[in-house]
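Hello,

Here is the structure I promised to pass on to you. Have a look at it first, and then read my notes below.

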Amino acid sequence: MFDERFDVIVIGAGHAGCEAASASARLGAETALVTINLDLIGQMSCNPAIGGIAKGHVVREIDALGGIMGRVIDRTGIQFRLLNRSRGPAVQSPRAQADRSLYRSEMRRVLEATPGLTLRQGAVVALITESSRVIGVELQDSRRFGAKSVVIATGTFLNGTIHTGRRTFSAGRAGEPASIELAEDLKGLGFPVGRLKTGTPPRLDGRTIDWDAFEPQPPDVRPVAFSFATDKIEQPQISCSIGYTTEKVHQAIRDNLHQSPLYSGKIKGIGPRYCPSIEDKVVKFAEKDRHQLFLEPEGHNTHEVYLNGFSTSLPSALQLELLRMIDGFESVQIIRPGYAIEYDFVDPRELSPTMATTRMDGLFLAGQINGTTGYEEAACQGLLAGINAALAIQGRKPFTLGRDEAYIGVLADDLIQHGVDEPYRLFTSRAEARLTLRHDNADRRLSPKGREIGLVGDLDWERFSSRRDRIAHLRNVLDATRFKRSSVEYAGISQVLGCDLGDSITLSQIAMRQGVSPDLVLRMVPGEVRNAVSLTELETALADSLYRGYIEKQRVATARVDHHDTLKVPDLFEFAVIGGLSNEMVERLERARPQTFAQVRRIPGLTPAAISSVLVHLTAKGPANCVQSSLA
């Protein structure tokens, strides 16, 4: 009946599929990764970068659990930057631009070196089922593979349709066929399917750019790696550049909106709110006379440049015309035009927290098929799906993560509880416990779980244990090291800080002072401890100290929110009057028209900060505005 049999089959070798296949195989399940083109494993379909706000946290969490994305980007990244450096440690997040070609080849190398993992090229057209259980897959070339569990991670390929101006054609991404038969098969099995849209900007020939017209954006002097196993970034780093659109460009776009499928009515799918096309930016932010652009070279050995911030589905000739209106692009040439793509997704409320479908036993979904956008969001779903696909056939208890344990848990809970009405993207604001979910402590939160599952090996566990113990000892040293007014060190510290420090002060208290850098603190740490720890470990210890009090306040605030579900929302209440709510949050509230605070909390996409703002406003108004609570 079957040409080959496996324990687990993963369909699709994008970022979700790679993590799923790797995790499944390393947990002892005989795994097959089936994809349309083996040469495009780990392909970065859009921007050549990993990480970013909240996304960097997710990659750290993937690594802490034993996933592979962090290690691959550390070996292939060509510009590392820590975002939000001026803000608190909880919302700082690593990002790295990749050498796109090198990332792809390194990911394939890692997968091919994984025992128990088989790569197969082919297009899956149907699931083979028996009594509401998946037992295999059928390929376009008539091969049939048997499996005990199947993970679908097809990205934008399900019924994919590309739009460029008035031209529309079927494709999973540029140059690759869409997965139409599999999409129809899922509909036939009863899965509720919707339609979403995303897009990509033009890629430019770097030799035709006047680089002097743009502002350089250098890499960090001290790169922050993604994997806890990476001691140092070895490869050469590059500089990117920053530019801006102009009012002339905006007017030309407004004059040609009829050529955009987004505004002509051709595109029906909803696009990502936080990565809008240049057409959307011009229309929705009409008050802005310019929009920022990032020029990101795609590797050391290519002239191709990714124009971040200029996603578009306008005709290719018009794209070139618009670009040449920008200083520095007067002679630019486009290597690959930008385009929009519509694709099918399955309502993620069909899933359990393990990424298993509730409609079909043995079937797991991961990535954009669940309505998310972004490599990192896809990868963490793939990791969850791959882990649980293997655990299920081994008779082991399923693996899940809570909202208070990881950003991965926040994402899974958001998808399953609320579904999506637009492509879902993670932000730090989505996490109630974001002060404890820092990128630098992901190992402390999750490596013990990865070890228990079986994905964290002996060497990585030993490295984690040593780091954990050093940081714990360092925290004790910071609290115990005290400088008295009578000591020699006190005078020097007081002079450096330019103020009186009282009769005595601990090193922890000094570290909390404005303008005190971790480098300065490290120089004051006793010598035997200073020589045993790294600056990165000190930064983690300091962040632990910084957030101690805030975390307790956060716990109290969360408990307060949880106890006000019966609070009433007045009829015709105008949410726009609540200070601190973004336009998006107001839009979601107005659309839902909740009648109680419990209903407010269940609105898809509403951030914890927005929920808290609504609660504060409602409780402050009291009975005068017909707002009452049986718990008051």
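**Salt bridges and cores**

At 3% relative accessibility, glutamate 376 falls under the 20% limit, so this residue counts as buried. Please keep in mind as you read that the model is predicted.

What does glutamate 376 pair with? Its side chain meets that of lysine 55 in a salt bridge, with 3.3 Å from N to O. Lysine 55 belongs to helix α2 (residues 55-65) and glutamate 376 to helix α10, so to speak two distant parts of the chain, 321 residues apart. Lysine 55 is buried too, with a relative accessible area of 9%.

A second pair to look up is arginine 470 with glutamate 537, where the closest N and O atoms are 2.5 Å apart.

Then try aspartate 205 and arginine 207, whose salt bridge has its closest N and O atoms 3.1 Å apart. Aspartate 205 is buried, with a relative accessible area of 11%, while arginine 207 is exposed at 59%.

How many salt bridges are there? The count comes to 50. Some join up: Asp421, Glu422, Glu584, Glu587, Arg588 and Arg591 are linked in a network.

Now for the nonpolar side chains. In soluble globular proteins, these tend to be buried together. The largest nonpolar core in this model has 106 residues, and Ile9, Leu127 and Val150 have the most contacts inside it. Helix α10 (residues 375-393) gives the most to this core, with eleven residues. A second, separate core has 24 residues, including Leu474, Ile493, Ile505 and Leu542.

If you zoom in on valine 150, you will find contacts with Ile9, Ile11, Leu127, Val134, Val137, Gly362, Leu363 and Phe364, leaving aside neighbours within four places in sequence.

Helix α4 (residues 100-112) has 13 residues, so at 1.5 Å a residue it should span 18 Å; its end C-alpha atoms are 19 Å apart, which agrees. Which residues of α4 are buried? They are Arg100, Tyr103, Arg104, Glu106, Met107, Val110 and Leu111. As you look at them, remember that an α-helix has 3.6 residues a turn, so residues three or four places apart point the same way.

Enjoy exploring!

Key. Residues are numbered from 1 along each chain as its sequence is written. This is a predicted model: local features need pLDDT of at least 70, side-chain atom pairs count only at pLDDT 80 or more; totals for chains, interfaces and linings use all residues. Side-chain values use heavy atoms; hydrogens and water are left out. Helices (H or I, at least four residues) and strands (E, at least two) are DSSP runs, numbered from the N terminus. The expected span of a helix is 1.5 Å times one less than its number of residues. Buried means under 20% relative accessible area, exposed over 50%, partly exposed in between (1.4 Å probe, protein chains only). A nonpolar core is a set of buried Ala, Val, Leu, Ile, Met, Phe, Trp, Tyr and Cys residues joined through side-chain atoms within 4.5 Å. Contact means heavy atoms within 4.5 Å. A salt bridge is a side-chain nitrogen of Lys or Arg within 4 Å of a carboxyl oxygen of Asp or Glu.
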